[in-house]
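Open your viewer and get ready to click along. We will go from one selection to the next and look at what is there.

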Amino acid sequence: MARIFEYQGKQLLKRAGAKVPEGGVASNPEEAREITRKIGKGVAIKAQIWATGRLKAGGIKFASDPDEAFAMTKDILGSKIKGLVVKKVLVEERLDVLHEYYAGIVVNASMKIKAPVLVLSTEGGTKVEEVAARNPERVVKYIIDPIDGLAPADVDRILKEMGIEPEISIKINPMITALYTLFKEYDATNAEINPFVLTTEGHIYAADCHVSIDDNSVFRHPELGIKVPRDMEREPTQLEQLAWDHIEEGDYRGTGYFAQMITDFKEEENYVGFHGIGGGGSMLGAAALISRGIKIANYADTSGDPPASKIYKVIKAIFSQPLSAYAVVGACLANQEQWYHAFAIVKALREELADRSGFPVVILLAGNKEKEAIRIIEKGLKGLDLRMELYGRDHIYNSDFIGERVEILMKEYLNEEHLNKKATEIRMAMGGNKLEFATRSMKTTIDYDKCEPAKNNTSNPSCGFACVKADRLYDRGILRIEGNRPVLAVSEEAAHKMSNESLSWEYACNAVGMSAVAITIDFPGLEAYRKRLR
Amino acid sequence: MVQGITGRFGQFIARNMLDTGTNLVAGVTPGRGGQKVWDIPVYDTVKEAWEAHAPIDSTVILVPGPGAKEALVEALEVELKIILMEVERVPLQDALECVALCRRAGVRLIGPGSAGLVSPGKGSLGIFGSPEELATLAFQPGGIGVISRSGGQTSTLAYNVCQSGFGISTAINLGSEQVLGTTFPELLPLFEADEETEGVVYYGEIGGVMEEEAAELMTEGKYTKPLIAYIAGRGLPEGMRFSHASAIIQGGQGTVEGKVKALREAGAHVLDRPEDIGPTLQKVFKE
């Protein structure tokens, strides 16, 4: 459920046929003054944040003229209300309210219902749950059939049952019908008008509007401008935005979920980068760490058979936070081949931890090709001075033990004096004699000056054409041998569409001590983000 | 039947189902009629497959995105008993309609987003029970039913059951979407009626009300066999979704504490730690 702002919700309501107060959105005081002038009467200035109870928290103010609107908007914009920074305000005409009502539609997953439920109350402005507990007679619930929908005649009948007089009911009906239209057409999981009001002039207006859009449906509504379709009580952080843009968006090859649990890192605290495998396994792992009092910087989850390049980018995002340990918890007997995780872990950790001697890394991997995956990690990270522990399926349900190991290794690490070492940058050697090509989300360079068979023109090199062998096993036919050197087995165009991306060639070449293959995976904006952090 | 059988994933699922002994008779992919996958004939439409092979009991829908609902509507044109929607990330309004359509038609829907179900030694729908490496570890026939909200945890639970010296009657993944065709409490009476099942192990997590509803059902005496359950997500904050669409605590509802309390009061063995599953199985079923 991605949330949208009140002003967006009201625009949708208006389009669906409901009455909303006259007004507009302002991002600076001057705009607020202009909107107020146009309205020509007293206005409400409402902070656009994802929170209820704004009035009490100082997020709603009332101005009687344009200059006052200017001053109040200046106060509200940029301030923090309920922990959220206000970037926009909604300026709208002040209504003379006679009565407040409530209307909401929410999906109910109960086995008895499995449908949207319309909730109406003759008392609005407060939480409907509170009203239902105190005065149940004021609240009516109606299950909407997902196929038949909600017709104006249904609404009429419900309002009549509530004892609402016909002359008011006829004005309320379009409001409720519009709410349902919005709910259905914009794939909402939840749409609420609290309150909608009857004014002294006898009109019905939506005075507020909260709408959440279903994550799985956000792609159908680009006009809503939802940046990261995901349940959050705050707006996405810059790093989450980068991760979404370059890992998840438009890429259905498995999941690469990344969300920050900490947005305000403190120097005196220590954080663990958390990486779960499998949805359930990730939850088990995160809970095990949290229950020991460990602060996890983020929640990440790679599952459903993502390619190694996607997993690699998730790890790069994790390491864009200040960390004192990294934990991979795959408390899940995965059906997918785990070697793709292994290749991604090896490449990312070689880049991130080459210079962080003693850094704690605890990895639990289980499932298909688990032994091979563990061997790849052991071999691939050889030479790095890490506090690394690797566990397999014997520890699949010992997440508590994994948490304990993370805690112990992190303590040891923090007791050492070794911090503040400069990070080295990994650069590719650029010679003229090389093969360069792109696959779906990465670039590969094979430097023939460093490639033994190419250099010595031998058909029986000591590396045994490790990169091509790895290709056959993990990438299935992108490389082949020609003239005693690895070349593309397919056209450049075809290679570009290849999306398996196991990262195996680089690993295999490094494993035989040659490092002729260099893979780069673009993650635009990440370096700049990290520089700003420092 | 498998709808969407000709894709890479479709072929993989079909292979798995054949390997578990499933009587897979037909595949459907529009425009691919006349082809074969593992010797199984492929048809352009569900109706054609039905006409050639009726009666067919069930179908697995692998068609992704907006096509998923259309595939289900097509499947409802014939007289199937079970539809398993493997597809994940089905838009919520589509999911609601699919659930309602199956309800009207009297067809059992598993999912959307269910990785599958398997009765070891008999057959499967979806991903579980194969390849052999995992089957020997996790899917030995026996008397324990497995129900899970997570796909990965279905095989992980089954693995733990088998490693503790027991076997599986049926293992099933409910799916992780917000609204599901079949929920945990709706399955319990089926396991109650199943003569081969001695008891059920369950993996649940934060969010929703299905654990609370299962507890209610047990209190009403509609499920009387032993239930061993673990609820994941203790200590995770409210208002944020974790991995699964349904795994979110909202307005104080859907907490681990609430679910554990309800299930314990209804007589379930609720584990404090997942690693306690082996000893608890021993205690409940051997002693």
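Leaving aside its neighbours within four places in sequence, which residues is A:Glu370 in contact with (heavy atoms within 4.5 Å)? Select A:Glu370 and you will find A:Leu365, A:Gly392 and A:Arg393.

Before going on, a word about what is on screen: this is a predicted model, in which local features need pLDDT of at least 70 and side-chain atom pairs count only at pLDDT 80 or more, while totals for chains, interfaces and linings use all residues. Residues are numbered from 1 along each chain as its sequence is written, chains are lettered from A and ligands numbered from 1 in the order in which they are written, and side-chain values use heavy atoms, with hydrogens and water left out.

**Stop 1: helix 11 of chain A**

Stay with A:Glu370, which is found in helix 11 of chain A; helices here are DSSP runs of H or I with at least four residues, and strands are runs of E with at least two, numbered from the N terminus. A:Glu370 counts as buried because its relative accessibility is 7%, where buried means under 20% relative accessible area, exposed over 50% and partly exposed in between, using a 1.4 Å probe and protein chains only. Now click A:Lys371, also placed in helix 11 (residues 370–380). A:Lys371 is exposed, at 61% relative accessible area.

**Stop 2**

Next, select A:Glu6 and A:Lys46, whose side chains meet in a salt bridge at 2.7 Å, N to O (a side-chain nitrogen of Lys or Arg within 4 Å of a carboxyl oxygen of Asp or Glu).

**Stop 3: A:Asp251 and A:Lys310**

Here the closest N and O atoms of the salt bridge are 4.0 Å apart. A:Asp251 is in the loop between helix 7 (238–248) and strand 14 (255–260), and A:Lys310 is in helix 9 (residues 308–318). A:Asp251 is buried at 9% relative accessible area, and A:Lys310 is buried at 1%.

**Stop 4: over to chain B**

Finally, pick B:Lys69 and B:Glu97, which form a salt bridge of 3.1 Å, N to O. B:Lys69 is in helix 3 (residues 67–75) and B:Glu97 in helix 4 (residues 92–105).

Terms used: Contact = heavy atoms within 4.5 Å.
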